[in-house]
Amino acid sequence: MTGISDRDFSIIGRSVRQVDGAEKLTGTAVFAGDVYLHGMLFAAVLRSPIAHGLIQRIDVSRAERVKGVKAVVTGNDCPFRYNPPLRDQPFLAIDRVRYVGEPVVAIAAEDEETARRAALLVEVDYEELPAVFDPLAAMSKEAPRIHPDFDNYVRDSRLFTPVPQSNILSHFKLRKGNVDAGFAAADRIFEGTYRSHAFNHAPLEPHAAVAQVDRTGQLTLWASTQSPWFVAEDLAKALGWPVHRVRVISPYIGGGFGIKHGLKNEPIAVALALKANGRPVRFVLSREEVFSSTAVRGAVTVSLKTGVREDGSIVARKAEVVWDTGAYADVGPLLCRNGSYSATGPYRIENQWIDGYCVYTNKIVSSAFRGYGVMEMAFAYESHTDEIARALSLDTVEYRRRILLREGDENATGEVVRSIGLRECLDACAEAMDWDNPVPEGRGRAIVTTAKSSVAPSGSSCFMYMNDDGSLTLMSSTTEMGQGSRTVLSQIAAESVGARLEDIRLRASDTAFTPPDRSTSSSRSTFNMGNAVFTAGQDVRKQILSRASALLEVSPDELEICNSSVQVRGVPAACCSFSDVAKVLPGATSGPITAHGSFVPKETTSFDLETGRGVRITAFWLYSSQGVEVSVDGDTGEITVHKIVSVHDTGRTLNPSACAVQAEGGVAIACSAALTEETILDEHGRVVNPSFMDYEMATAGDVPEIFPIMVEVPHAEGPYGAKGMGEGPTTGVAAAIANAVADAADIRVRDLPLTPERILRSMQVLEG
Amino acid sequence: MMLPDGRDVTLMVNGTATEASVPSGEFLLDTLRNRLGLLSVKEGCQSAACGSCTVLVDGKPRLACITLTLDAVGVPARTVESLSTDLGAAMHPLQEAFARNYATQCGFCAPGMLMSALAVIESNTELTEASIRRALSGNLCRCTGYVQIVRAIADASERMNGCHDQGGAEE
Amino acid sequence: MVLYAKPSSWVEAFELLRGDSSVVKVGGCDLLPRYRQHMLDTNLIVGLNLLPGVGDLRMDSSMAWVAAGVTLGDFSEWAPASEYWPTLAAVAGTIASPAIRNAGTVVGNVVQGWTRTDIVPILQAYDARLVVRSAHGERKVSVEEYSSTLGTGELRSGEIVAGMELPIPPPEYRVAYRRFSLRKMASLPVVGVAVGVESNYPSRHTRVSVTGGRQMPTRCGEAELEIARGAERLAEASAQLCKWADPVEDCHGSAAFRRHMVGVMFGRAAAEVVRSAEGVDS
């Protein structure tokens, strides 16, 4: 088991160099768009120009006749739907289109230009239907029904409850205590509605896929997908195949942040490959396609009502959350659940009532984003917390100290929280922000605290075996998209065996070889896959000791392992290397050293669909505290962020540099999204800024000074006590900036992004 | 007066003269990737706004996605492969500095970023944090927040341009 | 795929441009992204980069000659630029990105008729004029006049912009430019205001040129008249400017926001040059 010990670790806890750094820096790292196969065809897609309509007629005859065109596919050629836990999304539109940009016809040709020219020759007639873009309007019974066949979709009813005959595909409920009694008993009531906007994940690598169906019917898919097993299972289910018939390979991924979790452009490549007579089909999205028709982090509105006593302690909190999921569900139902149950914040609140609504609209699909709803929830609850503190004339940090959940408290879903590093994070943040001293003249500041859960149930497995030269091959499906998984898993492998880091050979992310893993998402890999690796490593270690004991002719407990060699304790000369151990001796009764590791967090529970309660709905939480110092230009409304402090409870910091840079990157995205980014649609549902020219993502000149700090409140079940931290950094920044602006300029802005125009309007400087 | 499609040209890339037959309207990005196999040059957008395809032409940063190949004939061009591709041996000091400073995460923007970095280090510009950031203004990165990239460039510049400080975290 | 020709003489260039399906390219920063996005409606791109004199950058006693092929980077590093047209040199050396500045031309910013541009208001403040050449001769058109038309609409069929004449400003003339964009780097301006005055106040030669004030980058005569009267007329000039403004609304900002920001940028730019005009710290 993974207990915490005081012994020194040789690799864990050190900022070892990234094991994949050289590949990336020399430009030799292979991404899915770098995969070129003999006979490869190139895809182009014709997309819907309207937001909602019935497809009356598709005529592909002229396209089919273009020389070089090898496959033309419409929705009727591949009438499959994907996306667990609500399988509503077709490979290509079948009878209707539901958002501008929805794929309707796909073409594969000898080269991209031919495919594109052929796509222009396709004729599609639509009967336009009224579209609905506002989720609140979409919730009403009078709204156009976006999925009239909803009841026919395969769905996992254990996970969510739809509202029948409506566009509300999920209604999450959480009921704890008695909020009405709580409000009645409160001394003061506070209310606020907070809006987070739609923005794009904008990884630098556009989605890329190459699909090939060979003569045996085996599908191989190279794709920039974060979660190869998740996608293999989804595709197999959609096609009605066994999962082993779908092989998914994820090379290095050029940034994911959630937009590459789950099927995105891959179904189109697969649909074409099914008709391409064994030829591989390449489909790489244009940047415009990524921005306008793939996915966004969708808009969310949170309304909070809180009853407090005079001292600020919270008697009751009610939350209503509306999640705009766009035209298809994607992660909508789960996001609605996991986000909504966090809507009230990591606070001691006896009485809670949460309604979360996941709503279809005729817009680009909303998908997972790093933080999985907590960024949006925290914008609401942390803004709200500051509003309450200020109204009660309480220091905002001291107020949080008082009301934060503590070890042994019960949280919103009914879990008794353990290994909760919230207070530690808050204190470390306050110190780094020099909170006890006044903020410099002309500036404002704020500190927030957030908590984000990691998905459960959630299993990971890996294989490990020793090579002829004593090095160790580790086979793991966890993908590497910049978060540093390859390095940290190699560290865990090396530490758990006693090997040198350079003796770990990681083979990753190929479902033909690397065993099942739920996903690379939800900050889950260090904990889950890390535990699987640790288990395998311990097994390998035992096998090594057993061989070495035979070789060195002592009992195994007289041996110690270090740096890929085994030594009799206290007798340096009596040793052997891993490569000595690797060789199978004549007459040996054992075969090669092989091991597997498998891990599922213990005893996680499901949710009660009526009360939203579950005593252990996650294996661990990510706790963070972030502080921001800003000034506001009263003439232009520009917010200057002078610094951001970002504190995270890692459980145990397995690699300080890796954690620090994850914090820096996550903070940078969140800061940029909060200040200058938005995916903007016109009145026809078309994205008007689908390029880096008009989508204002931070450049090197736009990111403030960032100070990452890690604290460690070990987790009993984590590998060496580690949890995860990748998503913590995005969660609190928007709220912290809004609160700091309130501190600096005495204005409360509850809508994101915090653009200069919005600030000026709040200051009532603009007319009209 | 219309030119035939397909010109035989000699390109000077990474110090080597290479013959290629390219359509007159081909972009350098596609020539480098598809004909010369230099897959380090990435395509991140189609509006010349992300910098992932940054290469050096005549020592100056240029976007390969809006450079026509015929405009790069007879002029030396460099991609990140010119620094080092040998995973076994030591990398170029600039790549070493990036590795030492954890300045890459997903690696997609890295080749273009390194080319812009190389250009500013080899220029006569005085390197300050501000001038480094300005030099990177055309290279978007989503993973790192640019923090360690800026540090790595300052670090590399010290080592390459002759400040002999040997300090700094090293593994 | 589109064909690309690189004529080595002006005669050859004009020949290739006959007919409507060919288009001129020098820096390529406007044209080539559109080509890359498959939005070009043309069969032939005619690159002028080999034409004699296309890279000329020189000056005489009255003006500079900036030929069509002079890049923003070239211009910003040319010593006389910082001496005679410091604001233009500074902005040319910092906008967009190094890679764009190594390809994009000074003249291209005007020729392509963009609505959002830092260079055009500054060129208007410096009274630059374009030299337009065709097979039949040359004509000159002020930047101000050229940029009142969207895109390349000012050019007639078969015309090429050969370069730009940049007059040496009057001795005490100073130009300041202030602009606003959501990001600090690599972004086009939402609004930008160039203010030029002579330091021997009242100034006869004043310029107030705005991008983002109206659809096209253009001068505001009313503000120029006010500012000419003296430093105490700044507030009135600002009021005139805001009244004159008729900004667009789009995803980057509402009309009200742009109008407000025009006023703020004007105030900041004017404060710099008026202060220097009055000899108060530079």
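Chain C contains twelve helices and twelve strands, where helices (H or I, at least four residues) and strands (E, at least two) are DSSP runs numbered from the N terminus. The model is predicted: local features need pLDDT of at least 70 and side-chain atom pairs count only at pLDDT 80 or more, while totals for chains, interfaces and linings use all residues. Residues are numbered from 1 along each chain as its sequence is written, and chains are lettered from A and ligands numbered from 1 in the order in which they are written.

**Chain C**

For 282 residues, a compact globule would have a radius of gyration near 19 Å, and chain C agrees with 19 Å; the radius is taken over C-alpha atoms, and the globule rule is 2.2 Å times the number of residues to the power 0.38. Along the principal axes, the C-alpha atoms of chain C fill a box of roughly 55 × 45 × 35 Å. Of its 282 residues, 50% count as buried. A residue is buried if 20 or more other C-beta atoms lie within 10 Å of its own, exposed if 12 or fewer, and partly exposed in between, with C-beta atoms placed from the backbone. Two residues are in contact if their C-beta atoms, placed from the backbone, lie within 7 Å. Among contacts in chain C between residues at least 6 apart in sequence, 61% join residues at least 24 apart.

C:Glu12 belongs to helix α1 (residues 10-16) of chain C. C:Glu12 counts as partly exposed because it has 16 C-beta neighbours inside 10 Å. Its C-alpha atom is separated by 14 Å from that of C:Val23, eleven residues apart along the chain.

| Helix | Residues | Buried residues |
|---|---|---|
| α3(A) | 112-120 | A:Thr114, A:Ala115, A:Ala118 and A:Ala119 |
| α10(C) | 221-229 | C:Ala223, C:Glu224, C:Glu226 and C:Ile227 |

Seen down the axis of α3(A), the buried residues fall within an arc of 135°, so they line one face of the helix; the arc is that of the directions from the helix axis to the C-beta atoms. For α10(C) the buried residues fall within an arc of 165°, so they too line one face of the helix. An α-helix has 3.6 residues a turn, so residues three or four places apart point the same way. The buried residues of α3(A) pack against β1 (41-47), α2 (61-64), β3 (69-74) and β7 (103-109) of chain A. Just after α10(C), C:Gly230 takes a positive phi of about 145°.

Chain B is assigned domain 1 (7-82) and domain 2 (93-160), with bounds that come from an automatic or database domain assignment. Their C-alpha centres lie 21 Å apart. In chain B, 16 residues of domain 1 are in contact with twelve residues of domain 2. On the domain 1 side, β3 (54-57) and β4 of chain B each supply at least two residues, and the largest share, three residues, comes from β3(B).

Chain B also touches chain C, through 27 residues from chain B and 27 residues from chain C. The elements giving two or more residues to the chain B side are β4 (60-63), α3 (110-122) and α4 (129-135). The largest share of that side, four residues, comes from β4(B).
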